[in-house]
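Here is a protein model, followed by some questions about the terms used to describe it. Each answer sets a value against its cut-off.

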Amino acid sequence: MSLATATPATAPEQSVAAGVRSALESVFDAVAATRADTTALLAKVAAQGRRPATVDLAALRPGLHLRLARHELVSGVGFVAAPGLLGDVPAWLEWWQETGDGGVRPLLLDPEHSAYADYTHWDWFALPRDTGERAVAGPYVDYLCSDEYSLTLSAPVEMDGRFAGVAAADVYLRHFEAAVMPMLHQLPRPARLVNARGRVAASTDPRHLVGSLSKGPDFAEALAAGRAGFAQGARLVPCDGVPLVLVVAER
């Protein structure tokens, strides 16, 4: 999308973008709190002149449990270490998730599991690592954690100015859709929400199904521009700071 095509968003589009932002900012609050706790923990360990280990990450658990209890949309939350960060294992997820009956449980995985051993290519890890910004990844079937269709919201964590991993939270797609679909239905034209990669997170447009990729416009550029515009027969409206773009068909 060229900046020359920038046009003001309509009042209904602004309302939907603001509503989506409100729904997801509570999840990003949980991500930010996890990021702050992890950054403080890694700084404390570094001050002791040693590398962090999995046993150190146990100190994050009270906060993670609290976030699962407090944030309605959050189904899983934790810190995912960059490979090589920890001294006792090559990679690690300090991850906790709801059980459905009000309890919480840790994610327990075999370190030899292929998905566990190579999570660095997944968008929820790669986007924050490569951009230094928070991200929305998915929806995708989360075979690693829940077997649910999910979104993952994440943000980079640094240690001594270097990328150390990501703080992240999962949202079941069914819960996200329950929050945002009524807003999309208020618009007079078919609309969808897409992430920086063009992955459709919610949609009232039968031509663009949830989970599919929207090709054409540069959605990352639209997010960076931070204002509404027109590209390839659709209006693009960034969701007020949340890394999703509202795409509204013009016809």
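Q: What makes the contact of Arg235 with Glu13 a salt bridge?
A: The model is predicted. In it, the closest N and O atoms of Arg235 and Glu13 are 3.0 Å apart. The cut-off is within 4 Å, so the pair counts as a salt bridge.

Q: Why is this pair said to tie together parts of the chain?
A: Arg235 lies in strand 10 (residues 234-239) and Glu13 in helix 1 (residues 11-47), so the pair joins parts that are 222 residues apart in sequence.

Q: Why is Glu13 called buried?
A: Its relative accessible area is 4%. Buried means under 20%, so Glu13 is buried. Arg235 counts as buried too, at 10% relative accessibility.

Q: How do you know that Asp37 and Arg67 form a salt bridge?
A: The closest N and O atoms of Asp37 and Arg67 are 2.6 Å apart. The limit is within 4 Å, so the pair qualifies. Asp37 lies in helix 1 and Arg67 in helix 3 (residues 61-70), so parts 30 residues apart in sequence are tied together.

Q: Is Asp130 buried or exposed?
A: Its relative accessible area is 52%. Exposed means over 50%, so Asp130 is exposed. Its salt-bridge partner is Arg129, with the closest N and O atoms 2.8 Å apart. Arg129 has a relative accessible area of 35% and is partly exposed.

Q: How many salt bridges does the rule give?
A: The count comes to 9.

Key. Residues are numbered from 1 along each chain as its sequence is written. This is a predicted model: local features need pLDDT of at least 70, side-chain atom pairs count only at pLDDT 80 or more; totals for chains, interfaces and linings use all residues. Side-chain values use heavy atoms; hydrogens and water are left out. A salt bridge is a side-chain nitrogen of Lys or Arg within 4 Å of a carboxyl oxygen of Asp or Glu. Helices (H or I, at least four residues) and strands (E, at least two) are DSSP runs, numbered from the N terminus. Buried means under 20% relative accessible area, exposed over 50%, partly exposed in between (1.4 Å probe, protein chains only).
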